[in-house]
Amino acid sequence: MRDESIRSLLRSDREFLRIDAAGMSFDFSRQRLDSPVLESLVALAEQTGVRQSIDAMFAGTRVNSTEGRAALHVALRGRPSDSFTVDGEDVSDAVENVVGRMEEFADRVRSGAHRGATGERITDVVNIGIGGSDLGPAMAYQALRAYRDPNITCHFVSNVDPADIIEVLSRVTPEKTLFIIASKTFTTAETMINAEHARTWIVDHLGDGAVGAHFAAVSTAEQFADDFGIERQNIFGFWDWVGGRYSLTSAVGLSTMLAIGPLRFRELLDGARAMDIHFRDTALADNAPVLMGLCAVWNRSFLQMSTSAVLPYSRDLARLPAYLQQLTMESNGKSVRIDGSPVTYDTGAIYWGEPGTNGQHSFFQLLHQGTDEVCSDIILAARPTSSDRQSGGQIDDQHDVLVAHALAQASVLSVGLTREEVAATGVSEDLVPHKVMPGNRPVSVIMMDQLTPLSLGALLAAYEHSVFVQASVWQINPFDQWGVELGKKVASGIVDDIHQRQVDDPELDPATRASLAALLVRRDQPRS
Ligand code: F6P
């Protein structure tokens, strides 16, 4: 396929590369592959046991073998009749119970039945969490802007950099603010430090007794949340079989539910469920997440593309690339197979991106004419979230321009413009090479009708399952993240060193010791 171009492939009928699933369409016809390659990739999926892996995941088997856990996020959006089990135990009732409690709580906050300690209505919700306990909720809050209750504003604090919480606290008033401490483990340093900061702020303004009315928690470690002082009825649990980056559809989505309401949140779950069912029940060759995953494997391991751009033509999906960075890179940034042997092929690509059309005026130049070939996902909605077409209005006209740009970029990236075509435009000879567009950059076009909770749920589930398919083919575990642990441990040692002004910690390498000494010297100098 190295000598094959997407331009020439597009001359043949590529209908077989378009798949409709859960109300969305996935168009892989601009991928650099033909039907024999696709058949080989599907055969590869069969040989590497993708079907069995899917079945094992849905059956609640401990597919996360290095942590001895199941990965049953699909149960979070199941209906009670779906029956998901872990170790023979049906988890559906437990899931439904938490969703029900979340709904009750959300209704009370949204209706004003739950008030702050001084009797004020809650107008601001601050979600304190990081990684999977932040990126999903923050992304969904922005994505579902049009569905939010105007009386509730959500804020997201994740960074241990004090600037993060200071800035948010400067925008809210204690009497009207509810904090959600979201942490699967309830031990993550950044989250616990910010949670303490928030609690001190509430206690300073409203007294010790106010903590109950102003804090809720989302965690698998309910006892730790209780120890923190959060009232039992405001603690929403989930389970070790939900990975942090797969947790938006668990209680981690509480801020989303508070913002858009329980019914809309159920639609998000329903969208994800529709994609789950498609993924579970559809033959590999007709399965959207499977083909997404196989295209990713093809581009990464065979065509050697090391990065993959996520280009939502939607300002509301601005945080989607950051969300997908954790989902894809924390999952598939692995170089050892499940059996412990090193891989002999490239695995997880680097994901990055920005919404279109903004990206077109910054990094697209490199996508079009740079020396690196980058594959992309272009994501768009056929209709704007709010429409004024009836009145022949501005919103629809602007949306027309937006989608036109999305399709134009998909075309230019994949088809390009040849030397002959450039010359035919009458451009001067010396400019011709500068205007040639190599094309041949693989693009998947993912289209939804409209950005709604339902379509967002389906989109996110498609990416989750694509990541799983890639991992299954590569034979790696997408559900652990040992690589991020060491940094946490080293940082905690350095915090102690800073407090004790110890610059000769034998646990540290010489360069870090020198940097630490330099940092302490700077701190000793008077502020300029
Ligand atoms: O960064 C590592 C990580 O463990 C992520 O996988 C996780 O989403 C994040 O930290 C936050 O963890 P927790 O929800 O336990 O605070």
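## Domains

Domain bounds here come from an automatic or database domain assignment. On that basis the chain has domain 1 (6–61 + 264–474), domain 2 (73–260) and domain 3 (485–524). Taken over C-alpha atoms, the centres of domain 2 and domain 3 are 34 Å apart.

The model is predicted: local features need pLDDT of at least 70, side-chain atom pairs count only at pLDDT 80 or more, and totals for chains, interfaces and linings use all residues. Residues are numbered from 1 along each chain as its sequence is written, and side-chain values use heavy atoms, with hydrogens and water left out.

## Ligand site

Polar contacts are pairs of N or O atoms within 3.5 Å. A polar side-chain atom of S183 is 2.6 Å from a ligand oxygen atom. For K184, a polar backbone atom lies 2.7 Å from an oxygen atom of the ligand. In T185, a side-chain N or O atom is 2.6 Å from an oxygen atom of the ligand. On its own the ligand has 400 Å² of accessible area (Shrake-Rupley method, 1.4 Å probe), and the protein covers 87% of it.

## Cavities

A cavity is a set of points, on a 1 Å grid over the protein atoms alone, where a 1.4 Å probe fits but cannot get out. The whole structure has four cavities of 30 Å³ or more. The largest cavity holds about 190 Å³ of space, a volume being the space filled by probe spheres set on the points. It is lined by 21 residues (an atom within 4 Å of a point), and those closest to its centre are M292, A296, S308, Y351 and D377.

Conventions
Polar contact = N/O pair within 3.5 Å; in protein donor to acceptor, adjacent residues only side chain to side chain. 1 Å grid on protein atoms, 1.4 Å probe; cavity = no way out; pocket = protein on both sides within 12 Å on 5 of 7 lines; lining within 4 Å.
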